[in-house]
Amino acid sequence: MTAVGARTYLKTHKLSGKKLRFKMDDEQLALLARAADSSTGRTAKTLVKEGPLRLTLVALRRGARMARHHVDGQASIHVLRGRLTIQADGGESTLSSGDLIVLNRGVEHAVEAKSDCAFLITMSWHRDV
């Protein structure tokens, strides 16, 4: 749970106040440790699930994959640590720490970690889901 003033991050992933603050380095390190112990080499934590907004932190061990999938809304992938490739729209892009890619709604994509990595996925829907 993350506290900001008198506000807290709820297990429902909803905002309980006007803002939330996360220590992303700490969040990444904790998730990377969990991914190292995972049989799939990956783990994720939803940070915010409020109305049409979703923020999810994902950690992958080198070689771990996320199979081809799509989301109904727009999505961005911001690499916070490490390196990964994303296959989308018939091509492949390699992303490193600090890189950001934005996908339009419905774009099928797959991800593979080229090194241990952590990335923030932000998704938005036009309707409240």
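This is a predicted model: local features need pLDDT of at least 70, side-chain atom pairs count only at pLDDT 80 or more; totals for chains, interfaces and linings use all residues.
## A walk through the strands, helix and cores

In β10, methionine 66 has valine 111 as its bridge partner. Residues are numbered from 1 along each chain as its sequence is written, and side-chain values use heavy atoms, with hydrogens and water left out.

Start with the overall plan. The protein has one helix and 11 strands. Helices (H or I, at least four residues) and strands (E, at least two) are DSSP runs, numbered from the N terminus. Along the sequence the pattern reads β-β-α-β-β-β-β-β-β-β-β-β. Of the 129 residues, 39% count as buried. Buried means under 20% relative accessible area, exposed means over 50%, and partly exposed lies in between (1.4 Å probe, protein chains only). The protein exposes about 7,500 Å², with carbon and sulfur atoms supplying 49% of it. Such areas come from the Shrake-Rupley method with a 1.4 Å probe; for residues, only the protein chains shown count as cover. A contact means heavy atoms within 4.5 Å. Among contacts between residues at least 6 apart in sequence, 62% join residues at least 24 apart.

Now return to β10. Strand β5 (residues 65–69) is joined to β10 by three bridges, and the two run antiparallel. Two strands pair if DSSP finds at least two bridges between them. β10 also pairs with β7, again in the antiparallel sense, over five bridges. Here threonine 85 stands opposite glutamate 112. How much of β10 is covered? Five of its five residues are buried. His109, Val111 and Ala113 lie on one side, with Ala110 and Glu112 on the other.

From β7, move on to β8 (residues 91–96). Six bridges join these antiparallel strands. Leucine 84 stands opposite leucine 95 in β8. The hairpin of β7 and β8 has two residues between the strands, and aspartate 89 takes a positive phi near 55° there.

Next comes an open sheet. Its five strands are ordered β3-β4-β11-β6-β9, with antiparallel pairing. The edge strands are β3 (42–50) and β9, each of which pairs on one side only. Neighbouring strands are turned by 15° against each other on average, direction ignored. Within the sheet, β6 and β11 pair over seven bridges. Serine 76 stands opposite threonine 122 in β11. Helix α1 (residues 24–37) lies across β3, β4, β6 and β11, and runs at about 140° to β3. Axes are lines fitted to C-alpha atoms, for helices over the stretch in contact, and angles run from 0 to 180 degrees between N-to-C directions.

A nonpolar core is a set of buried Ala, Val, Leu, Ile, Met, Phe, Trp, Tyr and Cys residues joined through side-chain atoms within 4.5 Å. In the largest core, of 21 residues, Leu60, Leu84, Ile86, Val111 and Phe119 touch the most other members. The elements giving two or more residues to this core are β4 (53–60), β6 (74–81), β7 (83–88), β9 (100–103), β10 (109–113) and β11 (117–124). β11 gives the largest share, four residues. Leaving aside neighbours within four places in sequence, phenylalanine 119 is in contact with residues including Leu60, Met66, Leu84 and Val111. A second, separate core of 10 residues includes Leu32, Leu47, Val48 and Leu120.

Two loops complete the tour. Serine 38 is found between α1 and β3. Serine 38 is buried, because its relative accessible area is 18%. Its side chain reaches the backbone oxygen of arginine 42 at 3.3 Å. A polar contact is a pair of N or O atoms within 3.5 Å; within protein, one must be able to donate a hydrogen and the other to accept it, and residues adjacent in sequence count only if both atoms are side-chain atoms.

Aspartate 116 sits in the loop between β10 and β11. Is aspartate 116 partly exposed or buried? At 46% relative accessibility, aspartate 116 counts as partly exposed. A polar atom of its side chain lies 2.8 Å from the backbone nitrogen of arginine 62. The C-alpha atoms of aspartate 116 and alanine 64 are separated by 8.7 Å, although these residues are 52 apart along the chain. Leaving aside neighbours within four places in sequence, the contacts of aspartate 116 include Leu32, Leu60, Arg61 and Arg81.
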